[in-house]
Each structure stands twice: as structure tokens, then as C-alpha cells.
Amino acid sequence: QVQLVESGGGLVQPGGSLRLSCAASGSLFRIYAMGWYRQAPGKQRELVATITSGHTTNYPDSVKGRFIISRDNAKNMVYLQMNSLKPEDTAVYYCNADGMVITTHYNYWGQGTQVTVSS
């Protein structure tokens with residue numbers, strides 16, 4: 001069982017930066033691929049960034065070059081550094097853990113943290 005708790009959301013002006021954090025419980029954190037997703041009102045949840053257990057990262061074009069995902073396995077933490085924020089980045093941001101333990105697939109979500117980009 002993995003519990004995920006996001007923090008760091010808030011209100012920021014266009015062009016500003018925010019750093020989201022995701023604290024994960026559980027001793028097997030290091031084996032999970034971690035990700036950040038977001039969901040804006042009236043829209044489907046979409047991928048923002050992923051990082052594998054081997055620290056390989058992936059971003060969609062909409063955030064590539066502006067967002068950076070990182071993880072600290074010693075602290076069971078995942079981070080999302082968001083730079084050059086735009087109003088269209090406004091959404092609830094969710095932390096996700098995904099992986100296999102022996103033959104069972106697990107997928108966990110946090111409760112989300114609101115990010116609002118507005119002047």
C-alpha cells in the first residue's frame with residue numbers, strides 16, 4: 001500500500017514558478033514509476049510528467065522545457081518544478097505511483113493540489 005500526499009500548489013502569476021511535492025509512504029517507493037497528472041475543469045485528466053525508477057523522464061510537448069520532474073528515493077519524495085507558468089496550466093495536479101510487485105500491478109493516486117495561474 002502506498003499513500004501519496006501532494007503539496008505546494010497555489011496562486012501564481014503568468015510567467016511565475018511553483019514547485020509541487022509528493023510525499024509517498026511505503027518501503028517499495030523506489031520501484032514505482034512516478035508521475036504527475038493534471039485535470040482542469042471540464043477536461044480529462046492528462047499526463048504532465050513521469051519518472052521511472054531509473055530516473056528516465058518523459059513530458060508531453062505542452063510542458064516540455066518548462067516543467068522538471070525529479071525524485072529522491074531516500075526521502076520517498078517526488079517533485080515537479082514548474083517554470084514559465086501559463087494560465088492554461090491551471091488545474092488540479094495529482095501525484096501517481098505505478099508499478100509491479102512480483103505479479104501484481106499497483107496504481108495509486110494522491111488527493112491533488114490546486115494550481116491557479118492568473119494575474
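Modeller: What follows goes through several labels in turn, and the model under discussion is a predicted one.

Colleague: What makes Cys22 and Cys95 a disulfide?

Modeller: The sulfur atoms of Cys22 and Cys95 are 2.1 Å apart, and the rule asks for a pair of cysteine sulfur atoms within 2.5 Å, so the pair counts as a disulfide. By this rule the count comes to one disulfide. Cys22 lies in strand E3 and Cys95 in strand E9, so the link ties together parts that are 73 residues apart in sequence. The angle about the S-S bond is -85°, and the link of Cys22 and Cys95 is left-handed.

Colleague: How do you know whether Cys22 and Cys95 are buried or exposed?

Modeller: Buried means under 20% relative accessible area; Cys22 stands at 0% and therefore counts as buried, and Cys95, at 0%, counts as buried for that reason too.

Colleague: Why is the pair of Tyr32 and Tyr108 called edge-to-face?

Modeller: Rings pair if their centres lie within 6.5 Å, and planes over 60 degrees apart count as edge-to-face. By this rule the count comes to four aromatic pairs. For Tyr32 and Tyr108 the ring centres are 6.1 Å apart and the planes stand at 70°, so the pair is edge-to-face. The pair links distant parts of the chain, with Tyr32 in the loop between E3 and strand E4 and Tyr108 in strand E10, 76 residues apart. Tyr32, with a relative accessible area of 3%, is buried, and Tyr108, at 10%, counts as buried.

Colleague: What makes Tyr37 and Trp109 an edge-to-face pair?

Modeller: The ring centres of Tyr37 and Trp109 are 5.0 Å apart and their planes stand at 65°, so this pair is edge-to-face. Because Tyr37 lies in strand E4 and Trp109 in strand E10, the pair ties together parts that are 72 residues apart in sequence.

Colleague: Why is Trp109 called partly exposed?

Modeller: Buried means under 20% and exposed means over 50%, with partly exposed in between; Trp109 has a relative accessible area of 37%, so the label is partly exposed.

Colleague: Why does Arg66 count as buried, and what does Arg66 touch?

Modeller: The cut-off for buried is under 20%, and Arg66 is at 10% relative accessibility, so Arg66 counts as buried. Arg66 is found in the loop between strand E6 and E7. Leaving aside neighbours within four places in sequence, Arg66 is in contact with residues including Gln81, Met82, Asn83 and Asp89.

Colleague: Which residues have the most contacts inside the largest nonpolar core?

Modeller: That core has 30 residues, and those with the most contacts inside it are Leu4, Met34, Trp36, Leu80, Met82 and Tyr93. Among the strands that each supply at least two residues of this core are E3, E4, E8 and E9. Met82, not counting residues up to four places away in sequence, touches Leu18, Leu20, Phe67, Tyr93 and Val115, among others.

Conventions
Residues are numbered from 1 along each chain as its sequence is written. This is a predicted model: local features need pLDDT of at least 70, side-chain atom pairs count only at pLDDT 80 or more; totals for chains, interfaces and linings use all residues. Side-chain values use heavy atoms; hydrogens and water are left out. Rings of Phe, Tyr and Trp (its six-membered ring) pair if their centres lie within 6.5 Å; planes under 30 degrees apart count as stacked, over 60 as edge-to-face and the rest as tilted. Helices (H or I, at least four residues) and strands (E, at least two) are DSSP runs, numbered from the N terminus. Buried means under 20% relative accessible area, exposed over 50%, partly exposed in between (1.4 Å probe, protein chains only). A nonpolar core is a set of buried Ala, Val, Leu, Ile, Met, Phe, Trp, Tyr and Cys residues joined through side-chain atoms within 4.5 Å. Contact means heavy atoms within 4.5 Å.
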